[in-house]
Amino acid sequence: MKRVVVVGGGPTGLWLAAELALAAVDVTVVEKRPERSPASRGFTIHPRTMEIWASRGIVDRFLAEGRTVPNSHYGLLETRMDYGVLDTPFPFILTLGQRRVEELLEAYARGLGVDIRRGHAVTNLFSYAGCATVHVASPDGEYE
């Protein structure tokens, strides 16, 4: 079995880890923050993201907690974008704070067997032909 380390436990890292787990890859996520930030850096989920989540059977987790918005501005222009004209089962954006998106994605990834380690920071990386060694600092000391 292949082993992969994903550096960063934000939405992208958690999604990547889940996708790798679905491909039978042994995945560990290392995230330097011991806790999630209470402040969200993003809150807009676009139709294509929801389509991808639907393809994995998890979109309802997000729809149940977010708020749908049928149109929105782009670049603060006065003309609003109407998502109803899109050929999608999700003709809207979904607003949901990044913190909650991360919590839902983390639960999904863990359910697929992903090892998620918070408070662990990558300190070095050595790559070789076909593999790499990742050095990590954790609350309990350093490891590879």
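Colleague: How do you know that the side chain of arginine 99 makes a polar contact with the backbone oxygen of arginine 36?

Modeller: A polar contact is a pair of N or O atoms within 3.5 Å (within protein, one must be able to donate a hydrogen and the other to accept it, and residues adjacent in sequence count only if both atoms are side-chain atoms). The side chain of arginine 99 reaches that backbone oxygen of arginine 36 at 3.0 Å, so the pair lies within the limit. Please keep in mind that this is a predicted model, in which local features need pLDDT of at least 70 and side-chain atom pairs count only at pLDDT 80 or more, whereas totals for chains, interfaces and linings use all residues. Residues are numbered from 1 along each chain as its sequence is written, and side-chain values use heavy atoms, with hydrogens and water left out.

Colleague: Which residues does arginine 99 touch, not counting those up to four places away in sequence?

Modeller: Arginine 99 touches Arg36, Ser37, Pro38 and Ser40, where a contact means heavy atoms within 4.5 Å. Alanine 17, which is 82 residues from arginine 99 in sequence, has its C-alpha 17 Å from that of arginine 99.

Colleague: Why is arginine 99 called neither buried nor exposed?

Modeller: Buried means under 20% relative accessible area and exposed means over 50%, with partly exposed in between (1.4 Å probe, protein chains only).

Colleague: In which helix is arginine 99 found, and how does the reach of helix 4 compare with the expected one?

Modeller: Arginine 99 is found in helix 4, which covers residues 98-111; helices (H or I, at least four residues) and strands (E, at least two) are DSSP runs, numbered from the N terminus. Helix 4 has 14 residues and reaches 20 Å from its first C-alpha to its last, close to the 20 Å expected at 1.5 Å a residue, the expected span being 1.5 Å times one less than the number of residues. Just after helix 4, glycine 113 takes a positive phi of about 95°.

Colleague: What do the buried residues of helix 4 pack against?

Modeller: The buried residues of helix 4, among them Val101, Leu104, Leu105 and Tyr108, pack against helix 1 (11-22), strand 3 (44-45), helix 2 (47-55), helix 3 (59-63) and strand 8 (115-118).

Colleague: What makes the pair of tryptophan 53 and phenylalanine 62 a stacked or an edge-to-face one?

Modeller: The structure holds three aromatic pairs, and rings of Phe, Tyr and Trp (its six-membered ring) pair if their centres lie within 6.5 Å, with planes under 30 degrees apart counted as stacked, over 60 as edge-to-face and the rest as tilted. The rings of tryptophan 53 and phenylalanine 62 have their centres 3.7 Å apart and their planes at 15°, so the pair is stacked. In contrast, phenylalanine 90 and phenylalanine 92 are 6.2 Å apart, centre to centre, with 90° between the planes, which makes their pair edge-to-face.

Colleague: How do you know whether tryptophan 53 is buried or exposed?

Modeller: Tryptophan 53 has a relative accessible area of 5%, so it counts as buried, and phenylalanine 62 is buried too, at 0%. Phenylalanine 90 and phenylalanine 92 are both buried as well.

Colleague: Why are strand 9 and strand 11 said to stand at the edges of their sheet?

Modeller: Three strands form an open sheet in the order 9-10-11, with antiparallel pairing, and two strands pair if DSSP finds at least two bridges between them. Strand 9 (121-128) and strand 11 (141-143) each have a single partner strand, so one side of each is left without a neighbour in the sheet.

Colleague: How many bridges pair strand 9 with strand 10, and how many join strand 10 to strand 11?

Modeller: Strand 9 and strand 10 pair over seven bridges, and in strand 10 the bridge partner of valine 122 is valine 136. Three bridges join strand 10 (residues 131-138) to strand 11, where glutamate 142 is the bridge partner of alanine 137. Strand 9 and strand 10 form a hairpin with two residues between them, and glycine 130 in the turn has a positive phi of about 80°.

Colleague: What makes serine 138 count as buried or exposed?

Modeller: Serine 138, which is in strand 10, has a relative accessibility of 15%, so it counts as buried. A polar atom of its side chain lies 2.7 Å from the backbone oxygen of glycine 141.
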